[in-house]
Amino acid sequence: MFEDRYGLPITTSSTDARDAYVAGVDCVLSAAHDDTDHLADAVAADPEFAVAHAAFARARFVLADVATARKAAATARTLAANTTEREQSHIDALCLAIEGKPVEALAATHAHLSRFPRDAMVAAPATGVFGLIGFSGRQGREPEQVAFLEALRPHLQGDWWFQSVLAFALEEVGRLDEALDLIERSMTTNPRNAHGAHIKAHVLYERGEDRKAYDYLDAWLPTYSSKGMMHCHISWHLALTALVLGNAERAWRVYEAQVHPGGAWGPALNVATDAPAFLWRASLAGQAVRPELWQQVRDYARRSFPKGGLAFVDVHRALAHAGAGDREGIDAIVVELQERVAAGRAPAGPVVPQLAAGLAAYAEGDWPAAIATLESALTETVRIGGSRAQRDLIENTLIAAYLKSGKASDARALVEQHADRRPAVPVAGLV
């Protein structure tokens, strides 16, 4: 029986299938654009290769191709009976998430890793700020993520993928020196890891090293395929860093070509959140935003997420409507979110409609309402998911509202309250 890169047995008798599977898994773990090609080759070489079908399902799922992912997951489940106990557990954990059962998937992931702690492919969906823990809606999800990964450290500490995801988790709780060391080691081993490049950008952002972040991303991004899953989001980081450094022309050029709907290629989750986030931050920094850009972003949100349901996306749906001046649209979103909370269908709780209402108040120039609403929601913003860098949009909006209402001392106090991070705060009028 063959083994994967982590020394775990896999049920196939085909060398070609094994090699394509190992390459495909590494591509999934590094967000390389040819992951599905390798995994398709694996199942072509051995149509009975169950874990390869499960990996293909995972690769399509992260690209939001849910129909294809679920079809492949069903095939993996059918074939699982002829595999080892480890592979059956592996397939179950991956497929539960694809089947829309995140709570059950996380429980299965914990159970699986307690027995097979080197199974990176099963661990991966629970990592990052968009993973099973990141989107759990729990207030303590950031330390929970660290604890999840620390349990795996004795088994995976020399692996480039593990070093990168642990670096991300440590950065999100303010352990920046450890995070920088880990991500540097990871990227030395695999400099083509797109997830790793993204995580390095986050670490440098938190350290306030915007010039280093800009130079790194400016050199790294051209080496990454524009078809890669992370291309839109890494471009978003480059555009924001250019904005912070005062290079507005470059920021807008990157945004319109690589982040804005129609220019960007990537999962709808990234485009629908990164595009309005950039426009809003540009406005906070004093840039004029053309109305048609907001309208296009709002229309994209309507098409891509007509019903919402994911807290992080819902906040950005509200943001897109607020930026476009669509009061009727944002009022409908707030009502929808409140109804979901009342029905017990909102893991993140009432903070989501609160944030939507606060952003709407800011867009209308109602500074007292924006301040009151955003202040009350700020401590629970972590529940919507996303990174600290992404959630800084809420804090920066509150800072801008303070400044616009003549409360400069409150704005400075909010900036200075962080002892464990030093990100730039590109808000016009902030001294």
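This is a predicted model: local features need pLDDT of at least 70, side-chain atom pairs count only at pLDDT 80 or more; totals for chains, interfaces and linings use all residues.
Figure 1. Residues are numbered from 1 along each chain as its sequence is written, and side-chain values use heavy atoms, with hydrogens and water left out. Helix α19 covers residues 327–342 and helix α20 covers residues 351–363 (helices are DSSP runs of H or I, at least four residues, numbered from the N terminus). The two pack at an angle of about 165°, with their axes 8 Å apart (axes are lines fitted to C-alpha atoms over the stretch in contact; angles run from 0 to 180 degrees between N-to-C directions). On the α19 side, Arg 327, Ile 330, Val 334, Leu 337, Gln 338 and Val 341 take part, and they meet Val 352, Pro 353, Ala 356, Ala 357 and Ala 360 of α20 (contact means heavy atoms within 4.5 Å). By class, the contact of α19 with α20 comprises 9 nonpolar, 1 polar and 1 charged residues (Ala, Val, Leu, Ile, Met, Phe, Trp, Tyr, Cys and Pro are nonpolar, Asp, Glu, Lys and Arg charged, the others, Gly among them, polar).

**Figure 2. Helices α2 and α3 pack at an angle of about 155°, with their axes 9 Å apart.** This angle makes α2 roughly antiparallel to α3. From α2, the contact is made by Asp 35, Thr 36, Leu 39, Ala 40, Ala 42 and Val 43. From α3, the residues are Ala 52, His 53, Ala 55, Phe 56, Ala 59 and Arg 60. Sorted by class, the contact of α2 with α3 holds 8 nonpolar, 2 polar and 2 charged residues.

**Figure 3. Helix α14 (residues 231–244) packs with helix α16 (residues 268–284) at an angle of about 5°.** Their axes are 10 Å apart. The helices α14 and α16 are therefore roughly parallel to each other. In α14, the residues that meet α16 are Cys 232, His 233, Trp 236, Ala 239, Leu 240 and Leu 243. Their partners in α16 are Asn 270, Val 271, Asp 274, Ala 277, Phe 278, Arg 281 and Ala 282. The contact of α14 with α16 has 9 nonpolar, 2 polar and 2 charged residues by class. Leaving out residues up to four places away in sequence, Phe 278 touches Trp 236, Ala 239, Leu 240, Leu 243, Ala 251, Trp 252 and Tyr 255.

**Figure 4. Val 254 lies in helix α15, residues 248–258.** The relative accessibility of Val 254 is 3%, so this residue counts as buried (buried is under 20% relative accessible area, exposed over 50%, partly exposed in between; 1.4 Å probe, protein chains only). Apart from neighbours within four places in sequence, Val 254 is in contact with Ser 235, Leu 238, Ala 239 and Val 259. Val 254 and Cys 232 are 22 residues apart in sequence, and their C-alpha atoms are 9.7 Å apart in space.

**Figure 5. Ala 31 and Ala 64 are two residues with positive phi.** Most residues other than glycine have a negative phi. Phi of Ala 31 is near 60°, and that of Ala 64 is about 70°. Ala 31 is in the loop between α1 (15–30) and α2 (35–45), whereas Ala 64 is in the loop between α3 (50–62) and α4 (66–79). Ala 31 is buried, with a relative accessible area of 3%; Ala 64 counts as partly exposed, at 49% relative accessibility.

Terms used: Angles under 35 degrees count as roughly parallel, over 145 as roughly antiparallel, 65 to 115 as roughly perpendicular and the rest as oblique.
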